[in-house]
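Please read it alongside the sequence and the coordinates.

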Amino acid sequence: MLAAVGLAAVLFVQGWVRLRRRGRPDLASWGRAALFAAGLAVALAGLVTPIDSLGEHDLLSMHMLQHVLIGDVAPALLITAVRGPLLVFLLPAPVLAPIARNGAVRSVLGVLLRPAVAFGLWAANLALWHIPSFYDAALARPLLHDLEHACWVLAGLLVWTLLVDPGTHRRLTVGGRVALAAALFAAGQVLTDVLVFTFHPLYPFYLGAYGLSPVTDQQLAGVVMMVEQLLTLSAVVFFLLRHRVRRGARLAAA
């Protein structure tokens, strides 16, 4: 995962520099660089700070925080940062051209980015890794835990690509993107409700720590996910609808 963060940083810098050298600093602004850096910082916060060690050994709530950081917040920031032509410039031309001509790659990406497929994978990933036996198995096996993290990142990248639409492919209308955000929130709240309203520990690995009982820790994990989804998905809906709201307000004023 750390290697992936480093590679992402290198690809962004070279693409950002190339686009600015072509006289388009408006498409590769310092604001975009700051947004991408924030996305990488969020990912690193989930992987190398005490959030990681606390989540692996002590607190379910910290583990949930790690997952929403690497699987939701970081992808949202990174994809928003590269929207527009900058997305194409992430890969050097000698690398991009063969990939763009490869029918198998285009076909796989096309399938993965179908709204029903992307949402289905995201929801299945959420459900699978929170089955107590799978959850505890990943904590006990480092390679399985790495796979879990990779699944969170991939699922997050897929749904946030549809929500942000960085390449302007218009796989979803504005209404469709709002509906996807609502569906993601609804699916997340199923897990939130289970964690908050189950009054016995679901995950034997976590015994409570730092003054928190296992049940309180579990409930806090549900709250972490609910708050994160409220903030990120509400922000998406706001930006998607802000022009329509403003236009409606102008028409009403007229």
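In which helix does Asp 146 lie?

1. Asp 146 belongs to helix H10, which covers residues 142-164. Please bear in mind throughout that the model is predicted.

2. The relative accessibility of Asp 146 is 44%, and this residue therefore counts as partly exposed, since that class falls between the limits of 20% and 50%. In sequence, Asp 146 and Met 1 are 145 residues apart, yet their C-alpha atoms are 7.8 Å apart in space.

3. The lining of the largest cavity consists of His 67, Val 68, Gly 71, Asp 72, Trp 122, Leu 126, Trp 152, Met 225, Glu 228 and Gln 229. By class, five of these residues are nonpolar, three are polar and two are charged.

4. Which helices each supply at least two residues of that lining? They are H4 (60-81), H8 (115-129) and H12 (214-253). Helix H4 gives the most, contributing four residues.

5. Around the second largest cavity, the lining residues are Thr 161, Leu 162, Asp 165, Arg 171, Leu 172 and Arg 177. This lining divides into three charged, two nonpolar and one polar residue.

Conventions:
Residues are numbered from 1 along each chain as its sequence is written. This is a predicted model: local features need pLDDT of at least 70, side-chain atom pairs count only at pLDDT 80 or more; totals for chains, interfaces and linings use all residues. Side-chain values use heavy atoms; hydrogens and water are left out. On a 1 Å grid over the protein atoms alone, a cavity is a set of points where a 1.4 Å probe fits but cannot get out, and a pocket is an open set with protein on both sides within 12 Å along at least five of seven lines; lining residues have an atom within 4 Å of a point. Ala, Val, Leu, Ile, Met, Phe, Trp, Tyr, Cys and Pro count as nonpolar, Asp, Glu, Lys and Arg as charged, and the others, Gly among them, as polar. Buried means under 20% relative accessible area, exposed over 50%, partly exposed in between (1.4 Å probe, protein chains only).
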